[in-house]
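Subject: Handover of a structure and its findings

Dear colleague,

Please find below the structure that I am passing on to you. The findings follow it, and I would be grateful if you read them with the structure open.

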Amino acid sequence: MSDLHPPEHQVVGHRTSASKLGPLIDGSSLFYKPLQAGDRGEHEVAFYEAFSAHAAPGEPHLHLVLDDLLAGFEAPCVADIKIGAITWPPSSPEPYIAKCLAKDRGTTSVLLGFRVSGVRVVGPEGAVWRMERPEVKAMDTVGVRRVLRRYVSSVADEGMDCALAAALYGGKGGVLSQLRELKAWFEEQTLFHFYLDLI
């Protein structure tokens, strides 16, 4: 019998329910992501297959099988950040480009080169803070700054101390260093399209 169930720590995307298809985890560090219909799903599979040999399970709806990066964490803090100012593949049809462009212009994607799509922060006492979808969609640059500060603070509200900022964002293994490494790789490789402008 399968132990597939919805991920507890999901912050964005389609949530699995009895009537809705969404991601699943299996308790053994694997994450099953449903494939989108048409070209989007095919492009996503091709992208992941270039990096991984996992096969999708023989379920009624195909899923990508990815590593569950949150497996083993008791109370992970999660941020889903979409990087890039152009969020559609080069061969996309005009209606899809128009849809993505409208979404990007309504967020910080164009202005900052990224947008926060979801966030979940677990405080020292176990209290969970999660932004609701309308709040995330309406977030401006001030909101992004507030979220990124809260994500690395050991306290909430106005007293945010950013105590964890250097450990998470800075240093050799920090987010900024990893983004610069990713940008350098994308500048040299020719298989994938990626649009990112980092200072």
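How much space lies in the second largest pocket? Please note before the reply that the model is predicted. The volume of this pocket comes to about 330 Å³. Its lining consists of 18 residues, and those that lie nearest the centre are C77, V121, V122, G123 and S153. Three elements, β5 (114-122), β6 (128-130) and α5, each give two or more residues to that lining. Sorted by class, the lining residues are 13 nonpolar, three polar and two charged.

The protein chain has seven helices and six strands. Read from the N terminus, their order is β-β-α-β-β-α-α-β-β-α-α-α-α. Of the 199 residues in the chain, 31% are buried.

The largest nonpolar core has 12 residues, namely V116, V119, V121, W129, M131, V136, M139, V144, V147, Y151, V152 and A165. Strand β5 and helix α5 are the elements that give two or more residues to this core. M131, one of the core residues, is in contact with V119, V136, M139, R146 and V147 once its neighbours within four places in sequence are left aside. V121 belongs to this core and is also among the residues nearest the centre of the second largest pocket.

R115 is located in strand β5. Is R115 buried or exposed? R115 has a relative accessible area of 12%, which is under the 20% cut-off, and therefore counts as buried. The side chain of R115 is joined to that of S109 by a polar contact of 3.1 Å. Beyond its neighbours within four places in sequence, R115 is in contact with D80, I81, K82, T87, K103, D104, T107, T108 and S109.

D80, one of these contacts of R115, is part of strand β4 (residues 78-83). D80 is also buried, because its relative accessible area of 19% is under 20%. Between the side chains of D80 and K82 there is a polar contact of 3.2 Å. K82, like D80, is listed among the residues in contact with R115.

A75 lies in the loop between β3 (63-67) and β4. With a relative accessibility of 43%, A75 counts as partly exposed, because this value falls between 20% and 50%. Although A75 and V122 are 47 residues apart in sequence, their C-alpha atoms are 6.5 Å apart in space. A75 touches both R120 and V122, residues up to four places away in sequence not being counted. V122 has already been mentioned as one of the residues nearest the centre of the second largest pocket.

One point of backbone geometry remains. Most residues other than glycine have a negative phi. C162 is not a glycine, yet its phi is positive, at about 55°. C162 is placed in the loop between α5 (141-151) and α6 (165-169).

With kind regards

Definitions and conventions. Residues numbered from 1 in each chain as written. Predicted model: local features only at pLDDT ≥ 70, side-chain atom pairs only at ≥ 80, totals over all residues. Heavy atoms only, no water. Helix = DSSP H or I, 4+ residues; strand = E, 2+ residues; numbered from the N terminus. 1 Å grid on protein atoms, 1.4 Å probe; cavity = no way out; pocket = protein on both sides within 12 Å on 5 of 7 lines; lining within 4 Å. Points joined across faces, edges and corners; volume = space filled by probe spheres on them. Nonpolar A, V, L, I, M, F, W, Y, C, P; charged D, E, K, R; others polar. Core = buried A, V, L, I, M, F, W, Y, C linked by side-chain atoms within 4.5 Å. Buried < 20%, exposed > 50% of the residue type's maximum accessible area, 1.4 Å probe, protein only. Contact = heavy atoms within 4.5 Å. Polar contact = N/O pair within 3.5 Å; in protein donor to acceptor, adjacent residues only side chain to side chain.
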